[in-house]
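Hi,

Here is the structure I promised to pass on. Please have it open while you read; my notes follow below.

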Amino acid sequence: MRYARRLVGDLVRKLAAILDDASRFNRTESMRKYGANIGKNVFFEGDLSDYSNAPFLTIEDGATVSHGTVILLHDSALNNTLGLPIKFGKVVIGKESYIGANCTILCGVRIGERAIVGSHSLVTKDIPDEAVAYGVPARVQGTIHELAERHKANMKADADDDRYHYLDIIPWRDRVNSQLKYRADYLDFIERSI
Ligand SMILES: CC(C)(COP(=O)(O)OP(=O)(O)OC[C@H]1O[C@@H](n2cnc3c(N)ncnc32)[C@H](O)[C@@H]1OP(=O)(O)O)[C@@H](O)C(=O)NCCC(=O)NCCS
């Protein structure tokens, strides 16, 4: 009985993972259809303020945009209040950069290559290459290399702490084409960690 329950749980999670991948794929494809310039192996779980503005958006190869992040490609605040012209602005999400969950990216902003934007940030200005920025408004707090040093130290310190678990796996941009194979490893890891 326990075995059967586990098997069904496993199947449901695998199915959910497949549906998750499909919905991500559909969203990226529909942004492309609306004219956004989306590179290869992009992970996009965010949203656009208006799909008709999609041609103002460029997402470079291997970038990640996490759940709930909204990219604004126009600002109609003064158009709706005082009847002034609507402002449109190109947004560039740099190569292999990472935007955390629930961020808002204002129009006209460029996120640098391999930059990291922390969750819940409001990005109002350009973020340089390889910078780590977060907050409302987002401010540069350091570099990805400084963050990496802290991360490595934390991994050592967390070795005996059952709250944290680390999975050594290649980045999503490199495993996207064989996602199902890695999904199985991923689900096994979750199972072993709980
Ligand atoms: C920014 C980030 C990369 C890590 O930064 P970090 O420097 O290691 O963060 P720490 O946990 O050491 O915190 C350092 C300080 O920054 C603050 N901080 C960390 N992340 C923050 C964020 N997103 N917004 C505001 N403040 C943040 C902490 O509160 C802490 O403040 P304190 O010094 O006053 O206590 C991480 O916090 C983050 O936001 N990651 C994205 C997670 C995510 O969205 N995942 C989506 C899954 S696909």
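Four strands make it up, in the order 1-4-9-12, and they pair in parallel. Strand 1 (37-38) and strand 12 (110-111) sit at the edges with a single partner strand each, so one side of each has no neighbour in the sheet. Strand 4 (residues 57-59) and strand 9 (residues 91-93) run parallel and are joined by three bridges. I59 has I93 in strand 9 as its bridge partner. Keep in mind that this is a predicted model.

Next, G39. This residue lies in the loop between strand 1 and strand 2 (43-44). Leaving out residues up to four places away in sequence, G39 touches I59, E60 and D61. Is G39 buried, exposed or partly exposed? It is partly exposed, because 15 other C-beta atoms lie within 10 Å, and the cut-offs are 20 or more for buried and 12 or fewer for exposed. From the C-alpha atom of G39 to that of N80 is 34 Å, and the two are 41 residues apart along the chain.

Now the ligand. Around it are S66, G100, A101, I116, G118, S119, H120, V132, Y134, G135, L147 and R150. Five of the shell residues are nonpolar, six are polar and one is charged. Strand 15 (131-134) and helix 3 (144-157) each contribute at least two residues to this shell.

Last, helix 5 (residues 179-193). Its 15 residues span 21 Å from first C-alpha to last, close to the 21 Å expected.

Best wishes

Key: Residues are numbered from 1 along each chain as its sequence is written. This is a predicted model: local features need pLDDT of at least 70, side-chain atom pairs count only at pLDDT 80 or more; totals for chains, interfaces and linings use all residues. A residue is near a molecule or strand if its C-beta atom, placed from the backbone, lies within 6 Å of it. Ala, Val, Leu, Ile, Met, Phe, Trp, Tyr, Cys and Pro count as nonpolar, Asp, Glu, Lys and Arg as charged, and the others, Gly among them, as polar. Two strands pair if DSSP finds at least two bridges between them. The expected span of a helix is 1.5 Å times one less than its number of residues. Two residues are in contact if their C-beta atoms, placed from the backbone, lie within 7 Å.
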